[in-house]
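Subject: Structure handover

Hello,

Here is the structure for your files.

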Amino acid sequence: MTSLNLDEAKAIPSVLDILTYENTSELKETKFGVRCSTSVQALGPQIFHAGQIIAVVVADSFEAASQAAESITATYSEEASSATFGAQGLEEVDATKQSQQHKHLPQAGDADGAIAHAEVAIDVEYSTPTQHHNPIELFTTTAVWTGDQLTIYEPSQFVYGLKNAVAERLAINPDNVRVVSNYVGGAFGSKGTMTPRTAMIALAAKRLNRPVKLVPTRAQGFTIATYRAETRHHIRLGARRDGRLVGYSHEGWEISSRPDPYVVAGVEDSAQLYAYGAIATKVNIVHADRNTPGYMRSPPVVPYIYALESAMDEMAVKLGMDPVEFRRVNDTTTSPVDGKPYSSRSLIQCYDLAADAFGWKGRNPTPSSMRDGDWLIGWGCATALYPTHVGPAAARVRLMHNGDVKVQTAAHEIGNGVYTILSQLAAERLGVNLSSVRVEVGDSRLPPAPVAGGSNTSASTCSAVLKTCDAIRARLFHAAVTANEGPHAGQSADDLTLKDGQVVGANGAAERLENIFGRMGVSSIEEYSEFVPDGLKPDAIAELYDGRLTMTGGPHGKKVMYASGAEFVEVRVHALTREIRVPRIVGAFAAGRLMNTRTVHSQLMGGMIWGISSALHEATDIDTQYARYTNDNLADYSVPVNADIKQVEVILVPEVDHDVNPAGVKGLGELANVGTAAAIANAVYHATGKRVRDLPIRIEKLLTA
Ligand code: MOS
């Protein structure tokens, strides 16, 4: 940027302040990867991408601020832009060389040799498009100062991360920052990290000494927040005639921004899925002139499992094998990468139950063989997979003498149902009514919980709340058995339980909480505890207080931990117009203990609907000359509406897993939209005989032979 003209903006009545790179030296830059997602934090003068924030106008009214912002002009020394794959000037780097998180990618044996000598082999390429978050709640921020105390109201998936990251940017003590986010209206990864706006609004509020509120437009959300970058895949599979795989090679390419090495490297998960024999994986970060991508529901597995599960279908076709049978033959209970056992795995049970419910055995495998009038019918299936994550968490729980309970932990309600499941857990553990439990989350003044990401919330926070409730039980039971009077005096604490507001013994004798509290001379018992999962360092909690987070799980523990599922879809493709419909989809899923079957059902149903969206609707269009997004609104960015979604059936497969975490929960918020796109692509092939390897599958891709 060579000049910025603010004259016209400043002349607009009620404009209070304009922040630009020339007057915001207080804003410190933070590094990519630590608490924040992007290193493009400054207001310029260097421009990394279209839509980068170059000025923030504050006015008495939203209208005045918008008008003033529109009237600011800037000049630039122009350079050619590299927008996406195929452009000149991209920089391609091996992910293991640039990403701290992905220094080692799965390798086992000699995959090239195994595939070269395989009885049957395929060599295929796939691609997935850019997708943008369009949460109904926009990317808002409100900043309020009271003296040197800053309070930020912002929809956030990680209040401790945001608090510490903003403090770092403003070079102030994090103890002086509070982040409040009691409910989040759509997040899915887009609100898990700090974006540039937050510290800017906090600084504006400080300069003006009054609260400042930002509500960016939907179009601005495409460039001031993160998104799912487009990917490309080269997959080779080798198999014996009997269907046993002998080799899997997967190379991926992912677009990132110029300065940041954001990468999801989904081969870390895809390589665990089947008994492949030899494995070779590689991932390339492709730096383009774009805003930095970030997490979007099931970030690694959505693109990589789409590619793998499409290739699995192609191999099944080439082998002349039923695709379900092909997966059964290659099922495994140990990691094909390093031989570690799975903590539990119910993939084939999922396939069997979903196939039955779907009526899979009525399928004629020949493409275009099933038809209803002008509609070609296609049936396809694919695997869903998601790594089980668990992180450190702390909780405070108070049990009152009258049975009221308060649960506090800085978890995040992003539609995951955390208020509901923590209430349920505390009520069950402390033997009180559900309606007596109050849960407080979404505030950095509460004990810390991890980011609501990686589907870890249930596992981590339930484990912490369970531990805290058990500490209360222990104190209560100790008081009951050491008393001089009462029905439990002299009994063993191990025989006691809590039920209906009473401490109940093995012999059925019961004593009301009030009595025990009365004898103890207290009106409540409060406990605070910290849960650190196996495999993490003890200082994981201290790091969490500091806004830094480590999680474990997936392929990284003593056992490999994954939730899994099988999805079956019917598509109907019009023989003449090639219009594509999805009349029904059936998914069966196993994810350890399910805290609440109703919230779980909704998560899985929503996931599959998002999968239908990925397969047929969603894609951000990019003007390759200027590296700009052209459909940055909900009219042109297609998502399914009710008329696109017919029958969605969810089957919950029972699974018990004692290894994953004390709660036995695998987490499944990000499970069901994995595999859906492949299942649909496979069904479209079955309907039409045409294999579309580039998402989304739209009518025009089925018009040519
Ligand atoms: Mo999720 S994309 O891990 O918030």
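The notes below cover the nonpolar cores, the backbone and the aromatic rings.

This is a predicted model, in which local features need pLDDT of at least 70 and side-chain atom pairs count only at pLDDT 80 or more, while totals for chains, interfaces and linings use all residues. Residues are numbered from 1 along each chain as its sequence is written, and side-chain values use heavy atoms, with hydrogens and water left out.

Nonpolar cores

A nonpolar core here is a set of buried Ala, Val, Leu, Ile, Met, Phe, Trp, Tyr and Cys residues joined through side-chain atoms within 4.5 Å. Buried means under 20% relative accessible area, exposed over 50%, and partly exposed in between (1.4 Å probe, protein chains only). The largest core has 90 residues, and I235, L237, L308, F568, I680 and I697 touch the most other members. Helix α9 (residues 301-319) gives the largest share of this core, 11 residues. Helices (H or I, at least four residues) and strands (E, at least two) are DSSP runs, numbered from the N terminus. A second, separate core holds 44 residues, including A411, V432, L476 and V481.

Backbone

Most residues other than glycine have a negative phi, and most peptide bonds are trans. A cis bond joins G44 and P45, with omega about 0 degrees; P45 is in the loop between β2 (15-19) and β3 (56-59). The bond from L695 to P696 is also cis, with omega near -10 degrees, and P696 is in the loop between α17 (676-688) and α18 (699-703). S455 has a positive phi near 50 degrees and is buried at 12% relative accessible area. A627 has a positive phi of about 55 degrees and is buried at 5%.

Aromatic rings

Rings of Phe, Tyr and Trp (its six-membered ring) pair if their centres lie within 6.5 Å; planes under 30 degrees apart count as stacked, over 60 as edge-to-face and the rest as tilted. The whole structure has 16 aromatic pairs. F222 and Y637 have ring centres 5.9 Å apart and planes at 80 degrees, so the pair is edge-to-face. F222 is in helix α7 (residues 218-224) and Y637 in the loop between β31 and β32 (647-652), 415 residues apart. Y351, F358, W360, W379 and F568 form one aromatic cluster.

A charge sits over a ring if NZ of Lys or CZ of Arg is within 6 Å of the ring centre and within 35 degrees of the ring normal. K206 lies over the face of W145, at 4.6 Å from the ring centre.

Regards
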